[in-house]
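Hello,

Here is the structure I promised to hand over. My notes on it follow below.

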Amino acid sequence: MRVFVTGVSGQLGHDVINELEKRGFEGIGSDITPEYGGVDDGTAVTAMPYVKLDITDFSETERVIASADPDAVIHCAAWTDVDRAEEDGSIEKARAVNADGTANVAKVCRKLDCKMLYVSTDYIFGGQGTDPWKPDRRNYRPLNVYGLTKLEGEVAVSALLDKYFIVRTEWLFGMNEKNFVKKMLNVGQICSTVRVINDQIGTPTYAYDLARLLVDMIETDRYGYYHATNEGSYISWYDFACEIYRQAGMKTDVVPVTSEEYGFSKAKRPCNSRFDREKLVEAGFRPLPVWQDALSRYLKKCNGLRRNQNGTD
């Protein structure tokens, strides 16, 4: 199987291309930069074929993906700067990537008659109530520009294609780019106390585990909408921070605060990001491991990479 992956310099795309290599598939990675711009952690991503691709340019998107002639496209590329998307003049930039760029990829997949998997977000929902969101529920009420444009991407994929997967995830952490785990570890090294929001509820997702699921999916024709996070209880960001420091052996004091008390954010975040993941099991896919185990494996991998970069055993 030949699989084209967008956004390989990001957290998820990095692990997707590595998972393809592990399974002996032919993976072609792409991103906006002329060369791979993610972390070199000694994995296959830096050795796999890479091409520059600006998905906002339809002609370029058509030429590059058609040249690869894939059996499937896993579309991880996105504008993910949630707060910046709220600034004047940025909404169209976010839409150009998340909505129009996704539509461009879908149009090429339709022409090539290949599968497409689009990675979406909990931000398409308004976050009301406490009931877990079911993947086929349609009462979308995005609270911010990022969520709106990702929803527009979903609409484009479902309108243009029959052979598609739309996989919503949340609270992602991986080797590339910034994430909450890295932020907590960095802040904990310089501050004895950290304030963390306790009224936004969801579940963490390790990019490595999610990547394995996405590759499982494209080997099938079980198309449709899915919710995918690591297994385990629903938690707040405060709960997650406490577990990060506990597993890292750090003594940082974590103070719970409400979203209103925390302030700072330009974009409003959903309070209820509980996902109903039962459809994964019903469709025959393996659930992801529990998030505490995922965090443990991630921290060990980060420590190993740090030791290698420092030249220590």
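**Helix α2 and its surroundings**

At the start of α2, a side-chain oxygen of D57 comes to within 3.1 Å of the backbone nitrogen of S59. That is a polar contact: a pair of N or O atoms within 3.5 Å, where, within protein, one must be able to donate a hydrogen and the other to accept it, and residues adjacent in sequence count only if both atoms are side-chain atoms. Helices (H or I, at least four residues) and strands (E, at least two) are DSSP runs, numbered from the N terminus.

Before going on, two points on the source. This is a predicted model, with residues numbered from 1 along each chain as its sequence is written. Local features need pLDDT of at least 70, side-chain atom pairs count only at pLDDT 80 or more, totals for chains, interfaces and linings use all residues, and side-chain values use heavy atoms, with hydrogens and water left out.

Back to α2, which spans residues 58–68. Its buried residues are E60, T61, V64, I65 and A68. Buried means under 20% relative accessible area, exposed over 50%, and partly exposed in between (1.4 Å probe, protein chains only). Contact here means heavy atoms within 4.5 Å. After α2 comes D69, with a positive phi near 50 degrees.

**Cores**

A nonpolar core is a set of buried Ala, Val, Leu, Ile, Met, Phe, Trp, Tyr and Cys residues joined through side-chain atoms within 4.5 Å. The largest one has 33 residues. L12, V16, L20, L117, L214 and M217 have the most contacts inside it. Two or more residues each come from β1, α1 (11–22), β4, β5 (115–121), β6 (164–169) and α6 (207–218). The largest share, eight residues, is from α6. Apart from this core lies another, of 26 residues; A68, W79, A94 and M116 are among them.

Leaving out residues up to four places away in sequence, V16 touches V5, I74, C76, A211, L214 and V215. V215 is in helix α6. It is buried, with a relative accessible area of 0%. V215 and V3 are 212 residues apart along the chain, yet their C-alpha atoms are separated by 9.3 Å.

**T149**

T149 is in helix α4 (residues 145–160). It counts as buried because its relative accessibility is 0%. Its side chain makes a polar contact with the side chain of N98, at 3.0 Å. Neighbours within four places in sequence aside, T149 is in contact with I91, A94, R95, N98 and A99.

**Rings**

The whole structure holds 16 aromatic pairs. Rings of Phe, Tyr and Trp (its six-membered ring) pair if their centres lie within 6.5 Å; planes under 30 degrees apart count as stacked, over 60 as edge-to-face and the rest as tilted.

F125 and W133 are stacked, 4.6 Å centre to centre with 5 degrees between the planes. F125 counts as buried at 1% relative accessibility, and W133 counts as buried at 2%.

F173 and Y206 are stacked too, at 5.3 Å centre to centre and 5 degrees between the planes. F173 lies in strand β7 (residues 172–173) and Y206 in strand β10 (residues 205–206), so this pair ties together parts 33 residues apart in sequence. Both are buried. F173 and Y206 also belong to a cluster linked by ring pairs, together with W171, F180, Y208, W237, F240, W291 and Y298.

Two charges sit over rings (NZ of Lys or CZ of Arg within 6 Å of the ring centre and within 35 degrees of the ring normal). R138 lies over the face of Y225, 4.1 Å from the ring centre. K279 lies over the face of Y226, 5.0 Å from the ring centre.

**Q128**

Q128 is in the loop between β5 and α4. It is partly exposed, with a relative accessible area of 37%. Sequence neighbours within four places aside, Q128 is in contact with W133, R141 and N272. The C-alpha atoms of Q128 and C271 are separated by 6.8 Å, and the two are 143 residues apart along the chain.

Best wishes
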